[in-house]
Amino acid sequence: MLWDGNYLIVGELGLSDLIHIINIDENEYIRTVGENGFGPGEISGVHGMERDKTSGKFWVYDSEQKIFSKYDVFKTDKLAVNQIKQSEGLFLAVDMVWSSDTTLMTRRADENEKFVEYHIDGSILNTYGTWDSMIEEKDIPYNVISAVHQGPLKSSPDYSKFVIAGVARDFIEILDKNSGDIISVRGPLSEIPEFIINHSAGYPMAQFNMSKRYTFYVDLYLEKEFIYTLYFGDKSEKLLGGELAKTILVFDYSGSIIRSYELDHSLIAFSVDEDGRRIFGITYDADPNIVVFYF
C-alpha cells in the first residue's frame with residue numbers, strides 16, 4: 001500500500017491485475033495497472049512499493065522476476081512505463097529501495113552488512129553496519145543471522161534516511177546515509193527469538209520455535225520527520241486466529257517514540273497521509289478492505 005500525495009495505490013497478489021489506483025478524496029476507483037505475466041512491461045507479483053520523486057509515478061518490486069517497474073497513475077496502459085532488471089551483482093538483494101536516481105539501498109540474504117548501497121549496474125558503492133554485532137553466539141552463518149533479523153526496509157522521501165524494522169525480533173535500525181551513522185532501537189522485549197540451524201535443504205536455515213516466536217514490526221512508512229511503524233508485539237500463533245497489528249508507533253529519526261495510536265482493526269499493511277492526518281490500512285481478515293483512520 002502506498003500514498004503518493006493524491007492517490008492510494010494498493011497491491012494485490014494472484015490476480016490478473018495486481019495494482020489498484022484509488023482516489024480516496026473522491027471515493028473513486030480509478031483503474032488497475034500491473035499486468036500479471038512474464039512478458040515485457042509485466043510483473044508476476046507485488047513485493048514492495050516505492051514513491052517516485054514525481055507525483056503520480058511509483059515503483060513496484062517483483063522479487064520473483066527480480067524487476068523494478070515504474071508506473072504512471074495517469075496512463076491507461078496497464079504495463080509498466082519503465083523496468084529495471086536486477087543485474088547478477090544484485091542477486092543477493094532481497095529488499096530494495098531507491099537511494100538516488102541510479103542507486104539502490106538494499107538488505108541482502110547472505111552477507112553480514114545491514115545496509116548495502118548498489119549502483120543499478122550491480123556494483124557495490126557503500127556498506128553500513130554488521131548483523132553479527134547484534135548476536136553474541138559465534139560461528140552462525142550470515143544467512144541465518146539475516147533471517148533472524150528479517151524485516152521491511154523503507155526510505156525517507158528525500159532518500160537521506162533508511163530504516164529496517166524486525167519482524168521476528170523487536171529492533172529498528174535507522175541509517176543516516178549522509179553521515180553513515182546507524183541508530184539502533186531495541187525493545188520492549190529485546191530478545192533473540194529461539195531458533196535452531198536446519199540443514200535439511202542442503203544449506204543452513206533458521207528454524208524458529210513457532211510456539212514461542214513473536215511477531216513485532218509488520219510494516220513501515222517514512223516521512224520527512226517521522227517513522228511510522230505497524231506493530232504487533234505478540235505471539236505469532238495468534239495470527240492463525242485472525243489477530244494482527246493494531247498499534248501504530250511513531251518514532252523520530254533519533255529513535256525516540258513520539259506517540260502511539262491504538263486502532264480498532266487489525267492491519268497487514270498501511271500508509272500515511274501526514275498533511276491530511278490520515279492513516280490508510282488494509283485489514284487482516286477473511287475479507288480484506290481498505291480502512292481510513294484520522295489522527
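**Reading a predicted chain**

Me: Where does Pro188 lie, and between which strands?
Reply: Helices (H or I, at least four residues) and strands (E, at least two) are DSSP runs, numbered from the N terminus. Pro188 is in the loop that runs between strand E16 (181-186) and strand E17 (195-198). The peptide bond joining Gly187 to Pro188 is cis, with omega at about 15°.

Me: How many helices and strands does the chain have?
Reply: The secondary structure comes to 1 helix and 24 strands. The C-alpha atoms fill a box of roughly 55 × 45 × 40 Å along the principal axes.

Me: What does the radius of gyration say about the chain?
Reply: The radius is taken over C-alpha atoms, and the globule rule is 2.2 Å times the number of residues to the power 0.38. For 295 residues a compact globule would come near 19 Å, and the chain has 19 Å, which agrees.

Me: What share of the residues counts as buried?
Reply: Buried means under 20% relative accessible area, exposed over 50%, and partly exposed in between (1.4 Å probe, protein chains only). Of the 295 residues, 51% are buried.

Me: What share of the contacts in the chain joins residues 24 or more positions apart?
Reply: A contact is heavy atoms within 4.5 Å. Among contacts with a separation of 6 or more, 42% join residues 24 or more positions apart.

Me: Which residues have a positive phi although they are other than glycine?
Reply: Lys66 is one of them, with phi near 60°, in the loop between strand E6 (57-62) and strand E7 (67-72). Arg277 is another, with phi near 50°. Arg277 sits in the loop between strand E22 (257-273) and E23, and Arg277 is partly exposed, with a relative accessible area of 42%.

Me: Is Ser99 buried or exposed?
Reply: Ser99 has a relative accessible area of 4%, so Ser99 counts as buried. Ser99 belongs to the loop between strand E9 (93-98) and strand E10 (103-108).

Me: Which side chains does a polar contact join to that of Ser99?
Reply: A polar contact is a pair of N or O atoms within 3.5 Å; within protein, one must be able to donate a hydrogen and the other to accept it, and residues adjacent in sequence count only if both atoms are side-chain atoms. The side chain of Ser99 pairs with that of Thr103 at 2.7 Å and with that of Glu117 at 2.8 Å. Leaving aside neighbours within four places in sequence, the residues in contact with Ser99 include Tyr159, Phe162 and Lys177.

Me: In which strand does Thr283 lie?
Reply: Thr283 lies in strand E23 (residues 278-283). At 4% relative accessibility, Thr283 counts as buried.

Me: What is Thr283 in contact with, leaving aside its neighbours within four places in sequence?
Reply: The partners of Thr283 include His265, Ser266, Leu267 and Ile268, and also Pro288, Asn289 and Val291. The side chain of Thr283 has a polar atom 2.8 Å from the backbone nitrogen of Asn289, and a polar contact of 3.2 Å links the side chains of Thr283 and Asp285. From C-alpha to C-alpha, Thr283 is 9.5 Å from Ala245, at 38 residues apart in sequence.

Key:
Residues are numbered from 1 along each chain as its sequence is written. This is a predicted model: local features need pLDDT of at least 70, side-chain atom pairs count only at pLDDT 80 or more; totals for chains, interfaces and linings use all residues. Side-chain values use heavy atoms; hydrogens and water are left out.
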